[in-house]
Amino acid sequence: MYKKRSRITTTIWATLLLSAGFGLWHILPDSVRNVVQPTAHAATLTVNTADDHNDGVCNAADCTLREAINAANAGDTISFNILGSGVHTINPNNGFSVTKALTIDGSSQPGFAGAPLIEINGAGAGAGVNALNVNAANVTIKSLIINRFSGYGISFDSFGNSSVQGCYIGTNAAGTAASANGRR
């Protein structure tokens, strides 16, 4: 009987404290209530296929580079985990448009040891197509091989604070011979 009464008493006290706290929260002035704001944390979207399609969903079952770029929010990172070893080639049928601050990190592909393992081959992308059209500030592009586009490998608009790190642009996958993009 003592344990039962103790649980009931504890439940009543907890309910009263929560009710009091909730009641106080609503009577506090806006200047105090607005001190605590929810924060959105950056996400990591993982590309797990070298296919190029966009069904509007980037999830653990199927996420292309195009889907990841379209699903990304400002501050997100796009990483890679394509099954198999060696270089993985993405053959897009069009360029990619980056409109939010984000990081595309080819060095996240398992097996990366200093040389890029993710190739974006634009041979079939069409006339005048740039691989990556970057129209945002604070974009980082890391460890990608970008070749054979008829336009630029990467085209930055007039935004700042962006960087390209460890990429092979306009070379073959090994970085030893030219596989030029149309514009330099």
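## The disulfide

The torsion about the S-S bond of Cys58 and Cys63 is about -75°, so this disulfide is left-handed. A disulfide here is a pair of cysteine sulfur atoms within 2.5 Å, and the two sulfurs of Cys58 and Cys63 sit 1.9 Å apart. The structure holds one disulfide.

How exposed or buried are the two partners? Cys58 is partly exposed, with a relative accessible area of 21%, whereas Cys63 is buried at 0%. Buried means under 20% relative accessible area, exposed means over 50%, and partly exposed lies in between, with a 1.4 Å probe and protein chains only. Another cysteine, Cys167, counts as buried at 17% relative accessibility.

## About the model

This is a predicted model, in which local features need pLDDT of at least 70 and side-chain atom pairs count only at pLDDT 80 or more, while totals for chains, interfaces and linings use all residues. Residues are numbered from 1 along each chain as its sequence is written, and side-chain values use heavy atoms, with hydrogens and water left out.

## The protein as a whole

The protein has three helices and 12 strands. These are DSSP runs numbered from the N terminus: helices are H or I with at least four residues, strands are E with at least two. Of its 184 residues, 32% count as buried. The accessible surface comes to about 10,500 Å², and 56% of that belongs to carbon and sulfur atoms; the areas come from the Shrake-Rupley method with a 1.4 Å probe, and for residues only the protein chains shown count as cover.

Contact means heavy atoms within 4.5 Å. Among contacts with a separation of 6 or more, 64% are between residues 24 or more positions apart.

## The five-stranded sheet

In what order do the strands of the open sheet run? The order is β1-β2-β5-β8-β11, with parallel pairing. The edges are β1 (44-47) and β11 (163-165); each has a single partner strand, so one side of each is left without a neighbour in the sheet. Neighbouring strands are turned by 15° against each other on average, direction ignored. For such angles, axes are lines fitted to C-alpha atoms, for helices over the stretch in contact, and angles run from 0 to 180 degrees between N-to-C directions.

Two strands pair if DSSP finds at least two bridges between them. Strand β2 (residues 77-80) and strand β5 (residues 103-105) pair in the parallel sense over two bridges, and Ile78 has Ile104 in β5 as its bridge partner.

Val98 lies in strand β4 (residues 96-98) and is buried, with a relative accessible area of 0%. Neighbours within four places in sequence aside, its contacts include Ile69, Ile104, Leu132 and Val139. Asn70 is 28 residues from Val98 along the chain, and their C-alpha atoms are separated by 8.2 Å.

Gln109 sits in the loop between β5 and β6 (118-121), yet Gln109 is buried at 1% relative accessible area. Its side chain reaches the backbone nitrogen of Asn81 at 3.5 Å. Leaving aside neighbours within four places in sequence, Gln109 also touches other residues, including Phe80, Ile82, His88 and Leu117.

## Tyr152

Where does Tyr152 lie? Tyr152 is in the loop between β9 (144-147) and β10 (154-156). Tyr152 is partly exposed, with a relative accessible area of 30%. Tyr152 and Arg183 are 31 residues apart in sequence, with 4.8 Å between their C-alpha atoms.

Key. A polar contact is a pair of N or O atoms within 3.5 Å; within protein, one must be able to donate a hydrogen and the other to accept it, and residues adjacent in sequence count only if both atoms are side-chain atoms.
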